[in-house]
Amino acid sequence: MTTMLSHDRYCSEILHQTGLLRAALGEGADVSATVPTCPEWTLGQLLLHVGQAHRMATVLVREQVKEFVPPSTAGQGVPTPAPGEPSVDDLPALAAWLGEGADALVAVLREAGPDSPVWTFSEDQRSVFWARRMTHETLMHRADALGALGVAFTAEPEIAADCIDEWLDILTFPAAVAFKPRLAELPGPGRTLHLHATDTPAELDAEWFIDLTGEGVSWRRAHEKAAVAVRGPVTDLLSVLFRRLPADTDRIEVLGDRELLDFWLERAVF
């Protein structure tokens, strides 16, 4: 796994993104509000999920777990508190618990360094995987929370670009197809996509070519002609890719085979 950012930057971002999320909650957020992008969850349940993810990664890295079988219901259903976890109706307790979990995770990740052996669902069995994964888990669930609060979501360009990289990486993992069989439907003749961020500095090279013409998903940073091109600010590209914005938003431009984009978005999802 090659990443744009350092292990230390990911650790800092976990704290930063968690801090931004907690700050957005303020003292009066309605934790019973429905999360528009996760409509089966309330805001309180979303916060519980983020804290649980942080704690799962903490245990994996701290204990250097080598074998782990995720439950078949992972990522599905409604998050519920385990013993000792806060109620989804208690905003102050949830916010404090969220901060404590991020602090503990980062302490473990920093002590472990980037190369500590640990189970992951990729070929890269190192702790840096979880530093990156929890950075972007927190980032995108911050987007979900802001949607519930009616607040616009933005991300720093290099963080948004790396989140796109990570998502495309995940879609190439054999474990991803095993977990979500519909991903196997993506490959086909002539199926190529190009993502082009329009608001980033040239040195960030924020363009992606996604090739589905082989046996699976492959991708590269490149400016290449594709069957469909999607252009727009990098945060909006990220939001469309993660289905946090609809593809028909006026914040992006779609050129070419719109049906292919919809086909991709319906299947490239967890």
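## Helix H5

Let's start with helix H5, which covers residues 157-171: its 15 residues reach 21 Å from the first C-alpha to the last, close to the 21 Å expected at 1.5 Å a residue. That expected span is 1.5 Å times one less than the number of residues. Helices here are DSSP runs (H or I, at least four residues), numbered from the N terminus.

This is a predicted model, in which local features need pLDDT of at least 70 and side-chain atom pairs count only at pLDDT 80 or more, while totals for chains, interfaces and linings use all residues. Residues are numbered from 1 along each chain as its sequence is written, and side-chain values use heavy atoms, leaving out hydrogens and water.

## Asp162 inside the helix

H5 is largely enclosed by the rest of the structure, because 13 of its 15 residues are buried (under 20% relative accessible area with a 1.4 Å probe, protein chains only; exposed is over 50%, partly exposed in between). Asp162 belongs to this helix and, at 0% relative accessibility, counts as buried.

The Asp162 side chain makes a polar contact with the side chain of His136 at 2.7 Å. Such a contact is a pair of N or O atoms within 3.5 Å; within protein, one must be able to donate a hydrogen and the other to accept it, and residues adjacent in sequence count only if both atoms are side-chain atoms.

## Val118 in a loop

Val118 sits in the loop between helix H3 (91-112) and helix H4 (127-149). With 2% relative accessibility, Val118 is buried. Val118 and Leu60 are 58 residues apart in sequence, yet their C-alpha atoms are 6.6 Å apart in space.

Terms used: Helix = DSSP H or I, 4+ residues; strand = E, 2+ residues; numbered from the N terminus.
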